[in-house]
Structures are given as structure tokens and as C-alpha cells.
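Subject: Structure handover

Hello,

Here is the structure for you to look through. My notes on what was found follow below it.

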Amino acid sequence: MPTATQTLVDPQPQLQLGEEVLYLSKQEVLNLGIGRSEILDLTRDTLIEHGNHRYEMPAKIGVHPYPEVFYHAMPAYVPGMNAVGCKWIECYPNNPSKFGLPQTTGLMVINDVESGVPVAIMDSTWVTAMRTPAVTVLAAAKLHPGAETFGMFGCGVQGKEHVRYAAEALPGLKTVYVYDTREEAADALIAELQGEVPFTLVKGASAEAVAKSAEVLSSATLIIKEPLSVVKDEWISAGQTILPCDLNTFWDPRISQRADKYIVDSIEEHELFAEMGYFPDGLPAIAAETGEVIADVKQGRENADQIIVNSNIGMAVCDVVVGRAIYDRAVALGAGTALSL
Ligand SMILES: NC(=O)c1ccc[n+]([C@@H]2O[C@H](COP(=O)([O-])OP(=O)(O)OC[C@H]3O[C@@H](n4cnc5c(N)ncnc54)[C@H](O)[C@@H]3O)[C@@H](O)[C@H]2O)c1
């Protein structure tokens, strides 16, 4: 019978299990040098576990100090990946304009599966920025193989990472259109990333132009209860794949309602958001979960003409698996600060 200490990967000798916890700042997490291809592998494996229903992840519980904001507790256990923990995040859509602060920040606690003791506390900004686009592009590759055009709405933290991840996972892309109401955000994205990615980055003239130009579309703008319907139903045509990270905010709700398939990362999470009032026009009928499609448990696209909407609101299973990998790497490299419990 292994002891709790033996379940840890190369434990840092100075970290005493049950007495101490490893604290990792945003910069320390970044300095570990975990690459996008590694995150894609971890995320793919996690989605396969999720698709085969080998996980525990209650729908997010939250508190709401103001009408349009939420704090969510995101616990998860993925036995096949030895990962258990909880992310505690906030989403304040007006933070950038009001305070010059990010919309989303947070902390994550990773525990030792064997003994339950907390082993790490880390800033979760990087994890969120990485695992979200990883899900989008893995789903895009599965639902729309061979896509040559991609449109990204929102050029903030998520928008930039989506473009970087698209370069990793969608090798057929020739052109990526980017659009933001703040034109300077689209300009900055192009200036920063054009030298890095193998496809041409084009600033969209309008939301309509982008919606009509790209086979695959994704949005990471803001999440509010009342849909903004920026992309109109009539702009969407047969064969397009739409992958929102911002629930139903950006899109005319009729698009999801009439899509040939509406696929979500987590049915429970989407039902919870619907209960909170985020789908005033009703939650569309759900055909499958993203993990089920990635794991080939359920079929995704069935023909080239289908309109597919795949809404990924973010799953704690992905967070704790990446969090566990961060912890393991930090221990191996001796990074972070051991704090007394
Ligand atoms: N699904 C997930 O797992 C997940 C994870 C993290 C963040 N998010 C969500 O993604 C969204 C973006 O997050 P972020 O960290 O990139 O935020 P951010 O503030 O860095 O970027 C958002 C960008 O969207 C732009 N924007 C806002 N309204 C727009 C509109 N109508 N049309 C075009 N552009 C518009 C803003 O100007 C900004 O540049 C948020 O809603 C956040 O809650 C989802």
C-alpha cells in the first residue's frame, strides 16, 4: 500500500505533505514553460475521460454580488488522470472598462488524491487562458476537419490565445479573420501574432463580413444574460461551425435554435446557466457533449452542409488536469514557494 507521499510525482523534499502547500504565482506558472502542444494533449485526454463519463464534476455553484457578475466554485476529480482540485473564479464583464482589470481572475487548489491534503495553490489566469482555446480548437478540428478559414470575435486574452492555438491544431488554415469592437485590439493582435502564425491574419471590416467569410467561427467577448445578437441569423449559412466561449451572448439565439446540432461541453453547466437566466429564449436541444464527440462516443458532423454550434463554457475537469500537470512540473523543477498550512 503506497503512502500518501509516494503518490506524488517526485515530491520536492522540502514540501511536507499535510504541513505545507506549494504557492505558484502567475509568473511562476508561466516560467514552467508548459507548451501549447502539451496543453492540447492534456485537454484531449481530459475530454476523452469526460466523454466516457469517467469524472466527477458538479455544476458550478456561485455567488452574484451584482446582476451581471458571477463567482464560481469549480471542483472536479478525474480519476484516470490522478487530478482533483477546485478553481475559484470571478467574471466581472465591466472590469476592463471600469477598473482596467481583467474580466476573469482566480485561484486554483490542487489536492493529493490519496490523502486529500492540498498540495498547491496557484493563480489560475494562465490555466484559464490556455485550456479554453485548447477545447475550441480540438472541437474545431473534429467538427470541421480541413477548414481553411477561421473567424475570431473578440481580440482580448482569449481571442489572442485562440489564434495561437488555431495555429497548433488546425493545420489547413490559410486565413484567420479577427474582429473586435475596439479596433486597436484587433490591430494589436495582428501586430503581435502575424510573425508567429503560419496563416494570414486579416482584420475583419465588420462582424457581418467575418461571419460570412469563415467556415469556422469562435467568440470570446463577454457573457451577459441578454443576448447581444451581434451576429445575425441570416449571415450564417450551411456548413459553418460556430464555437462560442461566451455562451449565447454574441449570437442571434435563432442560430443555435436552428442549428443541425447544438453541442455543449457540459449539459449540466448549460442547464445551470439557463436556470440563472442566461438563455432567455430557451436552451436549444442538446445533441451531444464535446467530450463525447472527441471520444467518438457520439457523432459530431454528419455531412458538409450541417450548421453546428458547439458552446464550451469551460469545465473544471480541464482545469484540475492542467493544474495537476503544473504542480508536477513545479515540483520537478523546484519552482514556487512552500507555505505552512
Ligand atoms: N468558456 C470558457 O471557458 C471561458 C474561459 C475564460 C473566459 N471566457 C469568456 O470569454 C470572454 C472573453 O474573455 P477574455 O479574458 O478574452 O476577455 P478580454 O476582456 O481580454 O477580451 C474581450 C474582448 O472582446 C471585445 N468585445 C466586447 N464586446 C464585443 C463585441 N460586441 N464585438 C466584438 N468584440 C467585443 C472587447 O473589446 C475585448 O477586446 C469573456 O466573456 C469570458 O467570460 C470563457
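Strand 2 (residues 61-63) and strand 3 (residues 70-78) run antiparallel and are joined by three bridges. Two strands count as a pair if DSSP finds at least two bridges between them. Strands are DSSP runs of E with at least two residues, helices are runs of H or I with at least four residues, and both are numbered from the N terminus. This is a predicted model, in which local features need pLDDT of at least 70 and side-chain atom pairs count only at pLDDT 80 or more, while totals for chains, interfaces and linings use all residues. Residues are numbered from 1 along each chain as its sequence is written, and side-chain values use heavy atoms, with hydrogens and water left out.

Gly62 has His72 in strand 3 as its bridge partner.

Strand 3 is also joined to strand 4 (residues 83-91), by nine bridges, and these two run antiparallel. Within this pairing, Ala76 is opposite Gly85 of strand 4. The hairpin of strand 3 and strand 4 has four residues between the strands.

Two residues have a positive phi without being glycine. Asn82, in the loop between strand 3 and strand 4, has a phi of about 50 degrees. His53, in the loop between helix 2 (36-51) and strand 2, has a phi of about 60 degrees.

Asn82 has 32% relative accessibility, so it counts as partly exposed. His53, at 47% relative accessibility, is also partly exposed. Here buried means under 20% relative accessible area, exposed means over 50%, and partly exposed is in between (1.4 Å probe, protein chains only).

Regards
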